[in-house]
Amino acid sequence: MKRHVLLFFFGFMALFFAGSAGAQEVVELPTVTVSAGSNVSKRVARIFQRDFKGATQTRWYQANKNYLVEFIKDDMKQRALFKRSGRLIYHLAFGKEENLPLEVRQFIKNVYIDYKITDALSVYQDNRKAWIINLEDKNTVLVVRAENGGLQRVAKYPKPAI
């Protein structure tokens with residue numbers, strides 16, 4: 001059975017790595033078709049097991065010519081995309097405030113004193129690791145990126161009325 005993957009993550013990755021300040025170029029990405037129940041190569045499976053020891057509830061998919069795996073590790077939902085060769089394309093880990101490294105959490109709390117950390121996403125791609133964090137106060141939702149000891153506000157939205 002085939003299903004289409006939401007392009008949110010791929011669009012997000014383009015935004016994430018598009019650059020830091022100033023105008024950002026909009027990049028239209030191709031549709032990715034994912035097939036459930038794919039047969040993962042032994043090489044990719046071995047590399048996954050080595051790099052993500054302790055992963056549970058693994059589900060593999062064929063994503064075009066690549067392998068997408070969804071799994072649980074460190075009490076976080078995670079995804080990783082591998083090339084056929086076994087090279088990791090990207091790794092995402094979905095978490096909360098308690099999953100942030102202590103220094104990142106303290107830095108954010110010192111800068112955004114009146115905001116609560118609601119969600120955190122660890123992104124690893126092209127030897128870069130960053131955290132994308134959602135913050136909320138009474139009226140606003142902020143999205144910030146923490147990378148290499150720095151912090152950058154990526155977006156600001158009015159909080160939806162409930």
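Which residues of helix H2 (residues 42-51) are buried?

## Helix H2

The buried residues of helix H2 are Val44, Ile47 and Phe48, where buried means under 20% relative accessible area, exposed over 50% and partly exposed in between, with a 1.4 Å probe and protein chains only. Seen down the axis of H2, these buried residues fall within an arc of 100 degrees, so they line one face of the helix; the arc is that of the directions from the helix axis to the C-beta atoms. Strand E3 (56-63), strand E4 (66-73) and strand E5 (76-82) are included in what covers them. The face turned away from the buried side carries the exposed residues Lys42, Arg46, Gln49 and Arg50.

Helices (H or I, at least four residues) and strands (E, at least two) are DSSP runs, numbered from the N terminus.

## Basis of the model

This is a predicted model, in which local features need pLDDT of at least 70 and side-chain atom pairs count only at pLDDT 80 or more, while totals for chains, interfaces and linings use all residues. Residues are numbered from 1 along each chain as its sequence is written, and side-chain values use heavy atoms, with hydrogens and water left out.

## Nonpolar cores

A nonpolar core is a set of buried Ala, Val, Leu, Ile, Met, Phe, Trp, Tyr and Cys residues joined through side-chain atoms within 4.5 Å. The largest has 15 residues, of which Leu100, Ile108, Tyr112, Ile117, Trp131, Ile133 and Leu135 touch the most other members. Two or more residues of this core come from each of helix H3 (102-111), strand E7 (116-125), strand E8 (128-136) and strand E9 (140-147).

Leu100 is in contact with Arg105, Ile108, Ile117, Ala120, Trp131 and Ile133, residues up to four places away in sequence not being counted; contact means heavy atoms within 4.5 Å.

## Strands E9 and E10

Strand E9 runs antiparallel to strand E10 (residues 150-158), and eight bridges join them; two strands pair if DSSP finds at least two bridges between them. Val143 stands opposite Ala155 in E10. The hairpin of E9 and E10 has two residues between the strands.

## Positive phi in two loops

Most residues other than glycine have a negative phi. Asn148, in the loop between E9 and E10, has a positive phi near 50 degrees. At 78% relative accessibility, Asn148 counts as exposed.

Asp75, in the loop between E4 and E5, has a positive phi of about 60 degrees although it is not a glycine. Asp75 counts as exposed, at 79% relative accessibility.
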